[in-house]
Amino acid sequence: MLETNQSLKGEKGLELTNVEWLLDHHKTKLQERGETVDDLNLKPGDVVLDLGCGPGLWTHLLAEKVKPNGRVIGVDFSPDLINYAVENLKKDPLSNIIEFQKENFHDVPFDNDTFDLVFFGNCFAYVTDYFKIMEEMRRVTKKGGRIAAKDFDGGLFIVHPIEPQLSLKILAAAAQVLKENPPEPLFDNFVGRKMQGLFLQAGLKDVSTTSYAIQKLSPLIPEAKRYITGNAEWHAKIGTPYLSEEDLKQWRAHFDPNSDNYILDLEEFYFCMLEVLTVGTV
Ligand SMILES: C[S@@+](CC[C@H](N)C(=O)[O-])C[C@H]1O[C@@H](n2cnc3c(N)ncnc32)[C@H](O)[C@@H]1O
């Protein structure tokens, strides 16, 4: 498993867990993240664990739902991300009910039956030992409490008006390389589709999955432009061994503001990707 934040850097381009990337990701999807947290049906007074909390962006959204007398603890093993979260907390009006701790999510220092909800956001893609981590989540969740995982599935990545043939070639090339040569440390680009099955196999009750189409239209905020461009470049870098120079050139031109083929400012621009929320009861 991953040992340091340094080792989490996406070898093939994006640093998927650095603060700037996570902030762009968060701002791009703030509205949809609000809807996802609404769907967790938390209530004031609930005690929540935000496992793999990174810079603590979901932590605040969760705290909004359990205030004024609930509590949210964010846990991450990256000193940089926890330091950012702690610093940011100083200006958070909910700081009295939020706490951050630097811990490994495989082995958290909480008593059995502590939390009403354990939230695992954008972390399953990095996990090799699914059931071990789910056992740890289950241990710290109250009987009748819930575990919720939010991740994405890279099977859907629509950027219009790029020719679908070119987009699908890029996605297929990246998928082929990821299968033949899985990144070290692991990054599973297709984990969203697996979560319903994982929760059922882990023996959770009342398992349900909701998929969210994350759609972005013109005009895009700067964070969304960086997020979409970063994603596009990640696919291109990963898929390079299976792509022609011409395909790569065409693809990159669509995301290059200096190119005549730049698409992110077009009125008809349309972006769509898929996020998945799976919830089960302990
Ligand atoms: C993609 S980030 C998601 C962060 C946050 N949940 C979000 O969605 O903004 C994945 C997080 O998992 C953390 N992580 C990975 N392995 C971990 C481990 N063994 N223990 C604790 N945190 C870990 C990373 O440091 C990183 O913050």
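D113 sits in the loop between β3 and β4. This is a predicted model. D113 has a positive phi of about 55°, although it is not a glycine.

- D113 counts as partly exposed, because it has 13 C-beta neighbours inside 10 Å.
- N122 is another residue other than glycine with a positive phi, near 60°.
- N122 lies in the loop between β4 and α5 (130–140).
- With 19 other C-beta atoms within 10 Å, N122 is partly exposed; the cut-off for buried is 20 or more.
- The peptide bond from H160 to P161 is cis, with omega near 10°.
- P161 belongs to the loop between β5 (141–160) and α6.
- E184 and P185 are also joined by a cis peptide bond, with omega about 0°.
- P185 is in the loop between α6 and α7 (195–201).

**Helices α2 and α3**
- Two packed helices are described by the angle between their axes and the distance between the axes.
- Helix α2 (residues 30–38) packs on helix α3 (residues 57–66) at about 45°, and their axes are 10 Å apart.
- That angle makes α2 oblique to α3.
- The crossing of α2 past α3 is right-handed.
- R33, G34 and V37 of α2 make the contact with W58, L61, L62 and K65 of α3.
- By class, this contact of α2 with α3 has four nonpolar, one polar and two charged residues.

**How α3 is covered**
- Eight of the 10 residues of α3 are buried, so the helix is mostly covered.
- The buried residues are L57, W58, T59, H60, L61, L62, A63 and V66.
- The buried residues of α3 pack against α1 (19–28), α2, β1 (47–51), β2 (71–76), β3 (98–102) and β4 (115–121).

**Helices α6 and α8**
- Helix α6 (residues 164–180) and helix α8 (residues 222–239) pack at about 55°, with axes 8 Å apart.
- They are therefore oblique to each other.
- α6 passes α8 in a left-handed crossing.
- From α6, I170, L171, A173, A174, V177 and L178 meet H235, A236, I238 and G239 in α8.
- By class, the contact of α6 with α8 has eight nonpolar, two polar and no charged residues.

**The nonpolar core**
- In soluble globular proteins, nonpolar side chains tend to be buried together.
- The largest nonpolar core here has 67 residues.
- Within this core, V48, L49, L51, L62, V118, F119 and F120 touch the most other members.
- L51 touches V75, F105, V118, F119, F120, C123 and M137, not counting residues up to four places away in sequence.

Conventions. Residues numbered from 1 in each chain as written. Predicted model: local features only at pLDDT ≥ 70, side-chain atom pairs only at ≥ 80, totals over all residues. Axes fitted to C-alpha atoms, helices over the stretch in contact; angles between N-to-C directions. Helix = DSSP H or I, 4+ residues; strand = E, 2+ residues; numbered from the N terminus. Parallel < 35°, antiparallel > 145°, perpendicular 65-115°, else oblique. Left-handed = near helix turned anticlockwise from the far one by under 90°. Contact = placed C-beta atoms within 7 Å. Nonpolar A, V, L, I, M, F, W, Y, C, P; charged D, E, K, R; others polar. Buried ≥ 20, exposed ≤ 12 C-beta atoms within 10 Å, placed from the backbone. Core = buried A, V, L, I, M, F, W, Y, C linked by C-beta atoms within 7 Å.
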